[in-house]
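A walk through selected parts, in plain terms, would be enough.

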Amino acid sequence: MRVVVIGASGNVGTAILRALAAEPVVTQIVGVARRIPRADGSSTVGPPHDAAEWVSVDLTDDATVAERLDAAVVGADAVVHLAWAIQPAREPDTLHRLNVDGTRAVTAAVVRNRVPHLLFMSASGVYSPGPADGSAIDEDWPRDGVPGSSYALQKAEVEHHLDALEESEPWLTVTRMRAAIMLQREAGAEIGRYFLGPLGQLGLRVATGPLGQALGGAVRGWQGLPEPDEPPLLPLMPFPAGLRLQVLHPDDTAAAVRAAVVGRHGGAFNLAPDGALTGQDMADLLAAGQLVELPVGLLRGGLDVASRARLVPIDAGWLDMAAANIVMDASRAREVLRWQPARPQGEVLLEVLHGVLDRASADTPPLQR
């Protein structure tokens, strides 16, 4: 089986390369990225990147994208499309060109070359805001994204394009993986850069350092609480009131992708752990139970001001998406793909927080300019 992975050089792409390289049914892997591992002899390309043949494609280059994609996907049994930009968050038109127009270029190449299976990495944000009672949603929940979030609205736009594609090309198997928030230690530097920015990273370092520990001890003393057996990572946990999170390790996502590709399973799959983390769960894990709930509206206003002032790299749409009360039920993935996430949510969260503090990044080979 020949599998093409578009966006293979990123954190999630690397996890998927690793899963496909370990699958005996997959005999050939093609990695596609704008910047690909160098092959000039100046460095060694190690696993899992050495398991793939690499093709450089710029999805925003109208003059070359069709020809380059055709060279990559010809003869493929499946195409896994991961490439998606989240920055610059304040330039939705720039993101639209890569995310939506780039995906259209990929689907056009799949159709031209009669590739029988296309897998698109969607996200929980594709869904409209969740039910008022907080219950988990399955794959039939409306898919119009979250107002205010360009990320969510563009994911929804691509999925509606895939609806039309399935109708016009009934021979094509289309799979949508709607994944929860994907976090791992190796993404720590990227998360710090793309979401926190310099000020946010500085604040996190102060909170986890001696000053933060002293503040936490003072708060516990004032409340008459005993000191925990081990010092908590944070002195207290500020968190938007009512918000819940589902967290997934990319290796677990990759396991689901491998199963769907090998079995050519079409349709939509929610990829999420059982249940969701509440603010109190986060506080128990990171701050010895010290939770400070903050009104979502107040946080949104502050984030919007900070974003417009270029103090943080993200816009308020990310908070809108997080506060949309979307908790996914992954029963279909468990039944059809025989899939179950191996990494507990709390473990993943701790791992990535330490990764942000250590500015950890994936051990990837040097890339072409």
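Which exposed residues does the face of α6 turned away from its buried side carry? They are Pro 210, Leu 211, Gly 221 and Trp 222. Exposed here means over 50% relative accessible area, buried under 20% and partly exposed in between, with a 1.4 Å probe and protein chains only.

The model is predicted: local features need pLDDT of at least 70 and side-chain atom pairs count only at pLDDT 80 or more, while totals for chains, interfaces and linings use all residues. Residues are numbered from 1 along each chain as its sequence is written, and side-chain values use heavy atoms, with hydrogens and water left out.

Helix α6 runs over residues 210-223. Helices (H or I, at least four residues) and strands (E, at least two) are DSSP runs, numbered from the N terminus. The 14 residues of α6 reach 20 Å from the first C-alpha to the last, close to the 20 Å expected at 1.5 Å a residue; the expected span is 1.5 Å times one less than the number of residues. Buried in α6 are Gly 212, Gly 216, Val 219 and Arg 220. They lie on the same side of α6 because they cover an arc of only 95° around the axis, the arc being that of the directions from the helix axis to the C-beta atoms. These buried residues of α6 pack against α5 (188-208).

Thr 253 is found in helix α7 (residues 250-263). With 0% relative accessibility, Thr 253 counts as buried. Beyond its neighbours within four places in sequence, Thr 253 is in contact (heavy atoms within 4.5 Å) with Met 121, Met 182, Leu 248 and Leu 271.

Arg 310, in the loop between α9 (296-308) and α10 (317-322), has a positive phi near 65° although it is a residue other than glycine. Arg 310 is exposed, with a relative accessible area of 57%.
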